[in-house]
Amino acid sequence: MTSVEFVLPDPELAEYTWVYENEHGPASQPPLTRGGSFGRPAEESWPPARLVINGYSYYRAGPAGEMPMPGTMPDLGDATAFETWERRWLPEVNALFDALTSFDAASVPEGEWRETLDRQATEFGRVFAGVHGECVLTSGHLAQDFVDGYCEALGEARRADAHALLQGFPNQTLDRAIALWELGREVRGNPGMQAALRDAAATGTGLTGHADFDERFAGFLEEFGHTIDAQVPDAPTWREDTRPALALVLRYANEPEDAAPAQAAAEQVARRERLEQELRALAESDERARELLKGLPGAQELLPVREDHNTLCDQRLGAASRYRWLGIGRLLMDRRLAEAEGDVFYFALEELTETLEGGTPLGTQAIEERRREQAAYRSTQPPPVLGQPLAAEASTTGMLRGTGASPGVYRGRARVIRSLAEADRLGHGEALVCGVTAPTWTPYFAVAGAVVTDAGGALSHTAVVAREYGIPAVVGTRTGTRAIEDGTLIEVDGSEGTVRFLQG
């Protein structure tokens with residue numbers, strides 16, 4: 001295996017603190033997309049805001065290690081964040097998805113590849129930035145403002161209640177988990193069907209030979225099959241490789257009834273409604289409560305905006321971009337410039353353009369070397385910080401600190417999961433310990449007893465989903481996957497933001 005070192009590209013950059021951005025870029029990008037998801041990187045001032053080292057993203061941290069974020073919200077007029085998402089940006093997401101999935105690489109005239117790829121990158125960037133800048137950013141700001149205001153008015157001890165007021169709304173990732181659960185219930189108690197699913201998962205065919213189930217599973221893939229792991233284009237979607245989805249169906253088939261995602265969501269709805277009733281009663285005599293009540297609807301768009309855009313924008317556009325690249329890979333094969341369609345991911349973007357325009361091809365040996373190199377990168381855990389270390393934090397022997405993201409205390413065995421490919425190692429009721437969770441991880445929240453992540457904050461995907469499932473979560477530990485050994489007995493305190501190491 002290739003030895004992997006993480007070295008800053010310029011010694012002068014060591015004057016700054018560079019933090020591994022594992023919340024939004026948890027896996028090493030292949031050469032094709034290392035310059036960014038939207039095409040050729042723009043010229044940057046010195047020092048850059050972002051570095052890509054061995055395919056992993058690092059951001060230049062602020063004084064407290066935080067990622068610089070936009071300070072002002074866009075003007076949406078009279079529309080809310082969710083209305084802006086549904087009415088303005090979702091149609092554009094759908095149009096771009098259709099354009100990328102139907103792209104015919106063979107139709108590009110000679111000499112127009114650079115213009116074609118740049119045009120696609122520009123449109124991808126415009127839509128992606130619009131969704132995140134207008135919808136996600138706005139909903140996040142409104143939610144944070146509400147939580148802070150609630151705590152100022154009712155006390156810091158009520159922070160968990162403030163977050164609970166933002167939970168319990170329909171969303172796409174919940175719909176996907178419920179659909180998987182219902183498929184699992186169909187085969188519960190049916191050893192023959194479960195054996196057929198295991199065979200289908202082992203072979204990757206996705207077909208069990210049971211017509212009714214296969215038809216329903218095909219419908220599931222039609223709606224949710226563009227799920228892609230870790231937002232890397234060289235990973236197959238669930239449509240292409242059905243094993244992760246079938247493994248979840250089997251997992252849900254053997255989970256107890258009280259683990260149902262719909263039940264967890266219903267419990268959050270009931271809690272939210274109780275807290276809303278309390279706030280309305282308080283608003284009759286308290287001006288601060290009245291102001292909070294006015295801001296509540298906007299803040300409550302956090303969950304549907306975050307999870308719907310995760311599924312319908314981030315996942316689907318990532319999948320559509322992959323389909324587009326694979327189409328170009330097949331063109332390379334037709335021209336005998338590559339041996340497999342997936343070889344396209346081992347070209348740098350500029351190399352790919354030059355090759356398509358008749359330049360010197362990359363060659364089989366170079367592709368294989370890069371394939372081995374990429375495998376080494378993916379098997380290496382990046383250091384959390386490069387350059388100047390973060391300010392030292394007070395530490396306590398036998399304890400790890402992070403951000404309390406979902407309240408409650410849970411004791412159980414830690415299961416350190418470094419990628420979704422090994423998520424089936426997670427036992428029922430074990431504490432899931434990972435770098436970060438993405439929408440593809442959501443179904444495993446019904447299995448876990450608690451969640452601990454290296455990255456994330458109180459409004460991150462992990463935090464929002466853990467609260468929706470009612471399990472304790474501590475996020476932003478930075479070193480959880482390094483400090484916690486697999487199988488260790490731990491206590492996760494999602495209220496205090498601590499993870500304690502227990503004997504036994």
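Reply: Start with one residue. This is a predicted model, and in it C151 is buried, with a relative accessible area of 7%.

Me: What is the relative accessibility of C313, and is C313 buried or exposed?
Reply: Buried means under 20% relative accessible area. C313 has 0% relative accessibility, so it counts as buried.

Me: How many disulfides does a search of the whole structure find?
Reply: First the general idea: a disulfide is a covalent bond that joins the sulfur atoms of two cysteines. In this structure the search finds 0 disulfides.

Me: What share of the residues in the chain is buried?
Reply: Of the 504 residues, 53% are buried. The accessible surface of the chain is about 22,600 Å², and carbon and sulfur atoms hold 50% of that.

Me: How many helices and strands does the chain have?
Reply: There are 14 helices and 12 strands. The chain is as compact as a globular protein of its length, because its radius of gyration, 23 Å, is close to the 23 Å from the globule rule for 504 residues. The C-alpha trace spans about 75 × 60 × 55 Å along its principal axes.

Me: How far apart are the mean positions of the positive and negative charges?
Reply: They are 3 Å apart, for 47 positive and 77 negative charges.

Notes
Residues numbered from 1 in each chain as written. Predicted model: local features only at pLDDT ≥ 70, side-chain atom pairs only at ≥ 80, totals over all residues. Heavy atoms only, no water. Helix = DSSP H or I, 4+ residues; strand = E, 2+ residues; numbered from the N terminus. Rg over C-alpha atoms; globule rule 2.2 N^0.38 Å. Buried < 20%, exposed > 50% of the residue type's maximum accessible area, 1.4 Å probe, protein only. Areas by Shrake-Rupley, 256 points an atom, 1.4 Å probe, with all protein chains shown as cover. Lys, Arg positive; Asp, Glu negative; His and termini not counted. Charge placed at Lys NZ, Arg CZ, Asp CG, Glu CD. Disulfide = S-S within 2.5 Å.
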